[in-house]
Structures are given as structure tokens and as C-alpha cells.
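Please open the structure in the viewer and keep the selection tool at hand. The stops below proceed from one selection to the next.

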Amino acid sequence: MSTPVMHETGSKPRDLAPLAITWVREQFPSLRTEVGGKPAAFLDGPAGTQVPQQVTDAIHQYLLQDNANTYGAFLTSRRTNEMILGVRSAMADFFNCSPEEVVFGQNMTTITLGLARAIGRELKPGDEIVVTTLDHDANVGPWRALEERGIVIRQVDIRESDCTLDLDDLRNKITGKTKLVAVGYASNMVGTINPVAQITKMAHDAGALMFIDAVHYAPHGLIDVKALDCDFLVCSPYKFFGPHMGTLYGKKEHLERFRPYKVRPATNISPECWETGTQVHELIAGIGAAVDYIAGLGKRCDPTAKTRREALAAAYRTTVPYERTLLTRLLEGLESLPGVTIYGIIDRARFGERCATVSFRIGDHNPTRIAEFLGDRGIFTWDGNFYALNLSERLGVEQKGGVLRVGIVHYNTANEIDRLLDALRAF
Ligand SMILES: Cc1ncc(COP(=O)(O)O)c(C=O)c1O
């Protein structure tokens with residue numbers, strides 16, 4: 001299995017300073033939240049991360065100084081246009097594409113529903129789309145909705161032993177009729193990182209488009225759409241320290257060729273024709289600040305980083321190994337607890353194929369009860385299926401309340417993992 005793209009092609013990884021965790025945590029005011037006199041441990045990142053001060057500052061500042069609709073003949077409207085252009089550039093650095101290949105939207109689900117409809121209007125009955133059992137339903141349902149137009153959906157299975165995609169099954173399901181392959185970059189339930197560059201090649205060899213759901217991957221690794229050569233990739237800034245919105249990368253030729261559903265007076269020019277109605281401008285301002293936060297962290301780790309893209313790469317080169325040390329600590333603790341079943345890759349030598357999101361069950365205990373017990377002690381985790389419904393059903397846990405999910409991001413600490421493990425021992 002190929003390893004995920006972590007570094008810029010051609011760039012030399014440098015020795016970086018270790019993650020300055022004290023500085024990191026100072027940037028996130030909400031991390032000072034207390035529950036019953038104890039600090040809150042935010043291990044709920046896969047459902048949405050906390051935001052650094054600079055993100056709320058940018059939202060605040062936009063509303064106070066620049067607030068207007070776009071394309072008016074006056075100061076604040078012009079400022080709004082400039083701000084949006086600036087954030088398109090920031091997201092272009094984040095994706096490694098050009099600004100006109102960046103689309104903003106309400107969230108990943110809404111963007112994907114709109115894109116699937118636009119692509120679907122060009123397909124004919126009998127055309128095929130490949131989805132997977134590992135994915136969040138937002139990368140399944142929008143494609144399945146095309147079944148009513150006669151499109152055939154083929155679903156790729158997993159290898160249950162380690163919750164990785166069954167690549168043989170994938171190979172068999174991609175046929176001459178396949179028009180699009182929709183695969184997640186990383187599983188929001190079990191953390192598996194899929195070999196998306198390899199799958200993109202498989203899709204392209206069959207003449208199909210490749211759509212990647214990078215929502216879960218985005219806080220855990222550098223995205224490089226050029227290196228991946230995918231046609232579309234979506235992610236949601238609220239999962240990588242920004243506000244509640246979604247963003248889409250689309251190859252320019254596709255954004256210009258496909259026709260989004262839109263109202264008549266709205267522009268036909270891409271990428272704005274894909275942005276239905278008035279956008280939440282203040283949150284777009286916040287997205288720019290989130291990208292700049294990650295780049296700022298990277299610059300602290302590698303002061304020689306010259307561009308924002310290089311700084312983003314440096315940030316992930318620091319946070320990924322840090323998250324892995326916490327992941328190791330968590331798995332060691334969980335493995336020593338009686339009755340625990342962990343889903344997904346646990347082999348330390350294969351950590352390149354997973355991120356630090358861990359789902360497990362403890363005997364027959366209902367995960368909601370465990371989450372409540374932890375929540376009362378200031379430890380925030382999630383229980384259920386997290387909309388990865390096919391996976392929850394496939395693992396046979398759907399009827400039992402799903403799993404308990406612990407999500408580690410770079411602002412978490414070893415102390416938080418130890419508190420979690422102590423609480424689980426006491427459960
Ligand atoms: C992997 C994955 N894909 C898609 C989504 C849906 O994203 P959004 O909430 O932006 O619609 C989520 C949300 O949890 C997710 O984790």
C-alpha cells in the first residue's frame with residue numbers, strides 16, 4: 001500500500017523544532033473551559049475542532065469593518081471582494097491549486113449534494129459510480145441519490161480485520177462504465193488513511209473522475225491536489241481549526257465544464273457560479289485566518305519556510321509525529337483495559353496508514369453511557385456512528401449504539417490521554 005502524500009514533491013524534509021504545545025494551547029481560548037473545576041479535554045475534534053483566537057478576531061473584524069455584499073460600488077463591498085479573493089488564495093495554498101479552483105459552501109454535505117446533481121445531469125442510465133463502505137454518508141448519499149436517474153452505484157467493501165479498503169474489490173468494481181470514484185482520504189470513524197493517489201490512478205485509467213472527501217484528513221496531513229491529480233476534493237474548515245463551512249477544490253476544466261444548478265441572474269463564471277446565493281462572508285474571513293494559523297505554526301517550527309505553502313507543510317511535519325506519540329499512548333492504554341475491542345489499524349509499523357482517530361467498544365457497554373460518564377468528568381468524546389453508517393453496520397455495532405470515538409489533534413496533550421485512560425479504568 002502506498003504511503004499518503006505528506007511532503008511537497010521535491011522538497012527536502014528539514015529537522016524541525018518539536019511542537020511548542022504551550023504556545024499552541026495559548027492560541028485556543030476555549031481550551032481553558034472547565035467542567036466541575038477540571039479542565040475540559042477536547043477529544044471531540046473529528047466532529048469539529050476548537051478555533052484559535054485569530055479566527056474569531058478575523059470574523060469579528062470583518063463584521064465590524066468590512067461587512068457588505070459583493071460587487072457593490074463602495075468601500076466595504078470592495079473590501080469584501082478583496083477579502084474573498086485573499087481567502088481563495090489561502091485555500092489554494094492549502095490545497096496546492098490555483099485560487100479559481102477553490103469553491104466555498106455551507107458545508108461538505110451541501111457542496112457534495114450540489115456537485116453530484118451537476119455531474120449527474122450529464123450521466124446516462126447504466127453509467128456507474130463507485131463508493132465505499134468506509135466512507136461518511138456525505139460521500140455516499142449524494143451519489144446514491146443519482147440512482148433515481150438510473151445511475152448504478154457500486155459499493156467497495158472493507159477488510160474487516162484492519163478496517164482498510166479492500167483494494168481487490170475496488171479494482172473489480174471499477175469498470176469501463178465507471179464515471180466517478182468517490183473515496184474518503186481518511187475514515188472519520190476508524191482513522192484509516194486510504195491510498196488515494198493510487199486510487200486516483202485506478203479511476204483515471206478507467207476514464208473515470210476521482211472525488212476525494214478529505215474532511216477527516218485535513219487536520220491530520222498536508223493535502224496536495226496536484227500530486228494526487230484528483231478531479232475534486234472537499235474538506236470542511238471547521239475540522240481544521242476554522243469556522244463551520246465547507247470548501248471544494250475542483251480542476252478548473254471541470255468547474256468550467258459542468259453546469260451547477262443556479263438562478264438566472266447569478267454569474268456563470270467559475271468558481272463563483274458554484275457558490276449558491278450570498279456566502280457567509282464573515283466565516284470565509286475566518287477560513288483565511290485558520291489557514292494562516294496553521295501556516296504560523298509551521299513558520300515557528302521551520303523559520304526558513306518561505307511561502308505559506310512551505311509553512312503549511314512544516315506545520316504538518318511537526319503535528320503528525322506529535323499526534324502519533326499520543327496515538328501510541330492511547331492504544332497502549334486501551335490495549336491494557338479488559339474487554340476493549342479497537343477497530344482499525346493497531347500495528348505501530350503501519351501508522352502511516354492511519355491518523356490519530358480511535359474507535360472502540362468496551363464489552364457490551366453502551367457507548368453513550370461511556371461518553372456521558374467521561375463528559376461528566378470534563379472529557380469530551382463522541383459515541384455512535386458519526387454518519388459512517390455503512391461502516392457501523394458492516395462492523396455489526398450499529399444496533400449496539402456504535403462505538404466510542406476519541407479524536408486526537410495537535411492541541412491535545414499526553415495528560416489528557418492519561419486522564420481519559422484513568423476515567424475508562426474507573427468506568
Ligand atoms: C469524513 C467526513 N466527511 C464528510 C463529513 C460531512 O461534513 P459537513 O459537516 O461539512 O457536511 C464529515 C463530518 O463529520 C466527515 O467526518
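Begin with helix H10, residues 281-301, in this predicted model. The helix is mostly covered, with 16 of its 21 residues buried; a residue counts as buried when its relative accessible area is under 20%. From its first C-alpha to its last, H10 reaches 31 Å, close to the 30 Å expected at 1.5 Å a residue.

Next, select the loop that joins helix H9 (252-257) to helix H10, and within it Pro-271. The peptide bond from Ser-270 to Pro-271 is cis, and its omega is near 5°.

The following two stops concern backbone geometry. Select Tyr-71, in the loop between helix H2 (53-66) and helix H3 (75-95). Although Tyr-71 is not a glycine, its phi is positive, at about 60°. Is Tyr-71 buried or exposed? Its relative accessibility is 57%, so Tyr-71 counts as exposed.

Then move to Phe-386, which lies in the loop between strand E16 (382-384) and helix H13 (389-394). Phe-386 is likewise not a glycine and has a positive phi, of about 55°. With a relative accessible area of 11%, Phe-386 is buried, whereas Tyr-71 is exposed.

The last stop is the ligand. Select it together with the residues that surround it:

- Asn-107, Met-108 and Thr-109 are among them.
- His-136, Ala-138 and Asn-188 also belong to the surroundings.
- Asp-213, Val-215 and His-216 are part of the list as well.
- Ser-236, Tyr-238 and Lys-239 complete the set.

By class, this shell has 4 nonpolar, 6 polar and 2 charged residues.

A polar side-chain atom of Thr-109 lies 2.5 Å from an oxygen atom of the ligand. For Lys-239, a polar side-chain atom is 2.6 Å from a ligand oxygen atom. In the case of Asp-213, a polar side-chain atom lies 2.6 Å from a nitrogen atom of the ligand. To finish, show the surface: on its own the ligand has 390 Å² of accessible area, and the protein covers 89% of it.

Technical notes: Residues numbered from 1 in each chain as written. Predicted model: local features only at pLDDT ≥ 70, side-chain atom pairs only at ≥ 80, totals over all residues. Heavy atoms only, no water. Near = heavy atom within 4 Å. Polar contact = N/O pair within 3.5 Å; in protein donor to acceptor, adjacent residues only side chain to side chain. Areas by Shrake-Rupley, 256 points an atom, 1.4 Å probe, with all protein chains shown as cover. Nonpolar A, V, L, I, M, F, W, Y, C, P; charged D, E, K, R; others polar. Helix = DSSP H or I, 4+ residues; strand = E, 2+ residues; numbered from the N terminus. Buried < 20%, exposed > 50% of the residue type's maximum accessible area, 1.4 Å probe, protein only. Expected span 1.5 Å × (residues − 1).
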